[in-house]
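This report describes the ligand site, the pockets and the cavity of one protein model.

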Amino acid sequence: MNIPFNHPRRESLLIRERLVDGFRNGIVAPEGLIAHGRGECFDYILGEKTQEFALRAIEAAAAAILLANHPVISVNGNVAALVPEYIVKLAEETGALIEVNLFYRTREREEAIKQHLLSHGAREVLGVGEDASATIPELFSERRRVSPRGILIADVVLVPLEDGDRTEALKRLGKFVVTIDLNPLSRTARTADVTIIDNVVRAMPLLVEKVRELKGRDRGVLKETISRYNNNETLQEALRFISHRLVELASRELRIRV
Ligand code: PTJ
């Protein structure tokens, strides 16, 4: 679709187009388009900018991934369509493995996502077909199927745009969970150890940048970064930010005069 360069919502419309293309190419589930709409709504309220509380979470996330013995990046349809190049970059910088893990799992979509990631430079993509031969206990969605070389043995898992049940299951298995979710009230946001409340399209490049910056640091310094971090404060700050922003907007002239 041709979106005029001067369209005030151009960036947002381009992101939508990436998802629609992903849907047409068999990467994104139809439900993924709806999930994106929910995210867009929060992004609008957050001012479509990475806020301070997200930057702090990105720093803690980078430290946790760098300290991990076996980090895994869990990829679903939306994430693969929106930020494939940054998934690959993050894996390269940290040695994290990439695993496809779908809520609406189909063999075709798994394969399409794998091919998409390989075409963006991924060396290996786990969790596809027979490779997803292990199961996460107590989880009934198709997301219970995981790779025995990936999520099953991971100590730190990055799960952007995740389903709440699965985040809980990963926590019960003792994993350190990092998520990216625009909704500070989602169950995933509230269950994860580190919640980056930001759009995945802004958060992933910043996470890659932060990992590069922290890479050479002493392990003690990275551990200190994580122990200083408090996810409950992040969630509270995000909600305070939203409420202040709405109150402030409500005191302004809102009508657009043309
Ligand atoms: O590809 P599949 O089959 O694994 O399915 C993927 C979806 C996203 C459809 C599935 O995981 C799902 O239904 O997710 P939920 O439960 O709707 O949760 C998605 C969360 O991500 C919601 O809290 C949204 O607000 C949030 N979200 C949506 N788009 C973005 C986002 N967060 C960050 N960046 C986005 N672009």
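Helices here are DSSP runs of H or I with at least four residues, strands are runs of E with at least two, and both are numbered from the N terminus. The largest share of the lining of the second largest pocket, 7 residues, is supplied by helix 1. The model is a predicted one, in which local features need pLDDT of at least 70, side-chain atom pairs count only at pLDDT 80 or more, and totals for chains, interfaces and linings use all residues. Residues are numbered from 1 along each chain as its sequence is written, and side-chain values use heavy atoms, with hydrogens and water left out.

**The ligand and its shell**

| Residue | Atom of the residue | Atom of the ligand | Distance |
|---|---|---|---|
| Tyr104 | backbone N or O | oxygen | 2.8 Å |
| Arg109 | side-chain N or O | oxygen | 2.5 Å |
| Leu182 | polar backbone atom | nitrogen | 3.1 Å |

On its own, the ligand has 750 Å² of accessible area, and the protein covers 94% of it. Such areas come from the Shrake-Rupley method with a 1.4 Å probe; for residues, only the protein chains shown count as cover.

**The pockets**

Where does the ligand sit? The ligand sits in the largest pocket, which means that more than half of its atoms lie within 2 Å of the grid points of that pocket. On a 1 Å grid over the protein atoms alone, a pocket is an open set of points with protein on both sides within 12 Å along at least five of seven lines, whereas a cavity is a set where a 1.4 Å probe fits but cannot get out; lining residues have an atom within 4 Å of a point.

The largest pocket has a volume of about 760 Å³. Its lining has 32 residues, and Ala35, Arg38, Leu161, Glu162 and Asp163 lie nearest its centre. Helix 2 contributes the largest share of this lining, 8 residues. The second largest pocket holds about 300 Å³ of space. Of its 18 lining residues, the closest to its centre are Arg9, Glu11, Ser12, Ile15 and Glu48. This lining divides into 6 nonpolar, 3 polar and 9 charged residues.

**The cavity**

The whole structure has 1 cavity of 30 Å³ or more. The largest cavity has a volume of about 40 Å³, where a volume is the space filled by probe spheres set on grid points joined across faces, edges and corners. Its lining includes Ser74, Asn101 and Arg143.

Note on methods:
A polar contact is a pair of N or O atoms within 3.5 Å; within protein, one must be able to donate a hydrogen and the other to accept it, and residues adjacent in sequence count only if both atoms are side-chain atoms. Ala, Val, Leu, Ile, Met, Phe, Trp, Tyr, Cys and Pro count as nonpolar, Asp, Glu, Lys and Arg as charged, and the others, Gly among them, as polar.
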